[in-house]
Amino acid sequence: MKRASSASAHVGIRPSNCRREFLKHSAVLAAGMATGLSVARAAHASGSEMLKLGLIGCGGRGSGAVMDAFEADPGTVLVAMTDLFEDRLQGARQRLAQAKPDRVQVDDDHCFVGFDGYQKVIDSGVDVVLIACASKFHPKYMAAAVAAGKHIFIEKPHAVELPDLHKVTEACEEAKRKGLSIVSGLCWRYHAGVRETMKRVHDGAIGEIVAIQETYMRSPYRLIEFEPGLTEIQYQYRNWYHFAWLSGDDISQSLIHSMDKGSWAMHDQPPVWAYGSGGRAASFGRVYGDVYDHFSIVFEYPNGVRMYAIGRAQNNCYNEVSDIFFGTKGRCDLLKHRIEGEVNWRYEGPKSNMYVAEHQALFRAIRSGNPINNGHYMVTSTRLALLGLLCAYSGRQITWEEALKSQFRLGPEECDFNTEPPVKPDENGIYPVPIPGVTKIG
């Protein structure tokens, strides 16, 4: 299930799988308080203060994150916003103010447009930064927010290139040292039914896992037509989801959710290697940019378990989003919250809004002074997606260790409205796509 994402250039759980992780973070907190390391740790500890939110990325996903935050905690207000485009920012500001007039307190002086807007939001006196913009910018903006001592909600993927993922790891570690909370937009880790089902899988309800099938097949996501008056680079920022250098391709935007659940089932240990295929078979035209419309990736883990990840974004085709775990004693259909085999069980508990739940976890952590940090799995799952991307683009089998060292980039490290577009359309409006067996990844 994919959340609404923005068409703008700046759009865009806490898992119960591991009580050990909670205890680990609690131990870190206790040690930090003993040495008086962090002012942020004690901020809002009483649970009564109003938390000020700053939004980076004013598209559908960013606006949705604000509404989720409002529902999650009545003591939150939005006070600052930024986007690359004025119309996107003002449109989101108006919609949010109409929906929650008492919670949207963004004056004109706190509406920032442009590539430096993220820093202006961070510096505007906010307590929490919601990062839901074009994914390329996630590592840079996250690092800046941590440096400024802000708590963070950040959408997935957490990088679109492997070299930048190291910056995310460093920021997460720095957040731990500062007692800051970081919650990832890998939302299924906050779904009550999924959490309870996964707990039973980890407790051995299906025996030892022998294979995992992850599927995310749907129609193409929101398509933005080219408008007269836009430069090519402006168009790519507006239609960022369909340009790999800004989005990390569809594997990083959609299939990552499924691979994240497979990784969770495997206790978030890394695979040994991967290979796969992908390409453009059915989606042609300028609106589709240069992303693939199908991916199929095989990951092998140290114990021989294989995860098969299948993604497709094509019209008029069979659609399915599912997570199936096969074990020595049965099988689990994770999204149906069902286990069959030696143990037959189905979740009958309360329904869950995972989008609100992830924000509840964030604000609960901030107010209690017990930081939450999703760093390990958000980095691991993003690296899974980017490893799969490199395998599909190149046609090669690639090891996890190779991925750790990869310096391959999809586009420039720094960019603005004067940047030369990394890809350009031909006379028919078609962008070139990577060709397996031909494309070099270093």
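Two strands are taken to pair if DSSP finds at least two bridges between them. On that basis, this predicted model contains an open sheet of nine strands in the order β14-β13-β12-β11-β7-β10-β9-β8-β15, in which the pairing is mixed. Because β14 (345-346) and β15 (398-399) stand at the edges and each has a single partner strand, one side of each is left without a neighbour in the sheet.

Helix α8 (residues 192-202) packs on this sheet, where it touches β7 (209-218), β11 (320-327), β12 (330-333), β13 and β14, and its direction makes about 30° with that of β13.

| Strand pair | Sense | Bridges | A bridge or facing pair |
|---|---|---|---|
| β11 and β12 | antiparallel | four | G327 and G330 |
| β13 and β14 | antiparallel | two | R338 and R346 |

Elsewhere in the chain, T82 lies in strand β2 (residues 76-83), and because its relative accessibility is 0%, where under 20% is the cut-off, T82 counts as buried. The side chain of T82 reaches the backbone oxygen of F112 at 2.7 Å, and F112 is also listed among the residues in contact with T82 once neighbours within four places in sequence are left aside, a set including L55, I56, G57, C58, L89, V113 and Y118.

Terms used:
Residues are numbered from 1 along each chain as its sequence is written. This is a predicted model: local features need pLDDT of at least 70, side-chain atom pairs count only at pLDDT 80 or more; totals for chains, interfaces and linings use all residues. Side-chain values use heavy atoms; hydrogens and water are left out. Contact means heavy atoms within 4.5 Å. Axes are lines fitted to C-alpha atoms, for helices over the stretch in contact, and angles run from 0 to 180 degrees between N-to-C directions. Buried means under 20% relative accessible area, exposed over 50%, partly exposed in between (1.4 Å probe, protein chains only). A polar contact is a pair of N or O atoms within 3.5 Å; within protein, one must be able to donate a hydrogen and the other to accept it, and residues adjacent in sequence count only if both atoms are side-chain atoms.
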